[in-house]
Amino acid sequence: MQWFEFDSAPAAAAALAEAVSSALATVIRERGEAVLAVSGGRSPVAFLQRLAQSDLDWSRLTVTLVDERLVPEDHADSNAALVRQHLLTGAASAARFLPLAIVPADATASLAAARAAYRQPDVTVLGMGDDGHTASLFPDAAELAAGLALPSDERLIAVTPPAAPHQRLSMTLAALLASGRLFLAIQGETKRRVFEQARQAVDDALPISHVLHHTEVPLDVYWAS
Ligand SMILES: O=C(O)[C@H](O)[C@@H](O)[C@H](O)[C@H](O)COP(=O)(O)O
């Protein structure tokens, strides 16, 4: 694991965009195409905007989400809308986008469609909540054990968060660990403390701890104060 720290969120976003872009360019060079999975929430906006400016062959890129709320794309909480608005603009609009909330009102139908269209990400950018969730692997969710099971062929699951809005679809831990590269973007002292606690031991109460304790996938952590 590598830790990178910055004294401002824009500086962290710029450095993360450069690192992700370079990881994607390497995969495109080697394989002719690449798959990127990004997180939603509020904090990725600056990163997505910086990444959209990258000099990549966007037509060789597929973009998807590590998790999605089961809401229509015109809902303020839609991660797909966030990606369309801040990443898939200008040259980056040539990328192919794989949404997850394909039938927003129907979790079972969305899950089946998203599983059928699933492409394993080469590069995955995670966030983390103050409660230690990552993707939509929430502490105390009934589906958490299925989301953390290893080994598992399950790449996507439906999750009802006990304390956050909207039913979700989420990549599983098995899917996250099958990514070629993992990045984690976090900001602020509270998240730093949660991160440090999660580093101490694997603990279902902090689902991110499961990601931190697997060393087979290179993980780069970008923290801004
Ligand atoms: O759609 C989501 O909710 C996310 O993908 C989620 O896992 C997010 O990364 C964290 O909740 C942190 O969100 P912030 O970075 O906005 O605090």
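Strand E3 (61–65) and helix H4 (107–117) each supply at least two residues to the lining of the largest cavity. Helices (H or I, at least four residues) and strands (E, at least two) are DSSP runs numbered from the N terminus. The model is predicted, so to speak of local features takes pLDDT of at least 70 and of side-chain atom pairs pLDDT 80 or more, while totals for chains, interfaces and linings use all residues. Residues are numbered from 1 along each chain as its sequence is written, and side-chain values use heavy atoms, with hydrogens and water left out.

**Cavity and pocket**

On a 1 Å grid over the protein atoms alone, a cavity is a set of points where a 1.4 Å probe fits but cannot get out; a pocket is an open set with protein on both sides within 12 Å along at least five of seven lines, and lining residues have an atom within 4 Å of a point. Points are joined across faces, edges and corners, and a volume is the space filled by probe spheres set on them. The count is 1 cavity of 30 Å³ or more. Its lining includes Thr64, Leu65, Arg119 and Met171.

In the table, Ala, Val, Leu, Ile, Met, Phe, Trp, Tyr, Cys and Pro count as nonpolar, Asp, Glu, Lys and Arg as charged, and the others, Gly among them, as polar.

| Space | Volume | Lining by class |
|---|---|---|
| Largest cavity | about 60 Å³ | 10 nonpolar, 1 polar, 1 charged residues |
| Largest pocket | about 580 Å³ | 19 nonpolar, 11 polar, 6 charged residues |

Of the 36 residues lining the largest pocket, Gly40, Ser43, Pro44, Gly127 and Ala185 are the closest to its centre. Helix H1 gives the most to this lining, with 4 residues.

**Core**

A nonpolar core is a set of buried Ala, Val, Leu, Ile, Met, Phe, Trp, Tyr and Cys residues joined through side-chain atoms within 4.5 Å. Buried means under 20% relative accessible area, exposed over 50%, and partly exposed in between (1.4 Å probe, protein chains only). The largest core has 74 residues, and Leu87 is one of those that touch the most other members. H1 (residues 9–31) provides the largest share of this core, 9 residues. Beyond four places in sequence, Leu87 touches residues including Leu36, Trp58 and Val63.

**Val103**

Val103 sits in the loop between strand E5 (96–98) and H4. Val103 counts as partly exposed because its relative accessibility is 34%. Leaving aside neighbours within four places in sequence, Val103 is in contact (heavy atoms within 4.5 Å) with Ala109 and Ser110.
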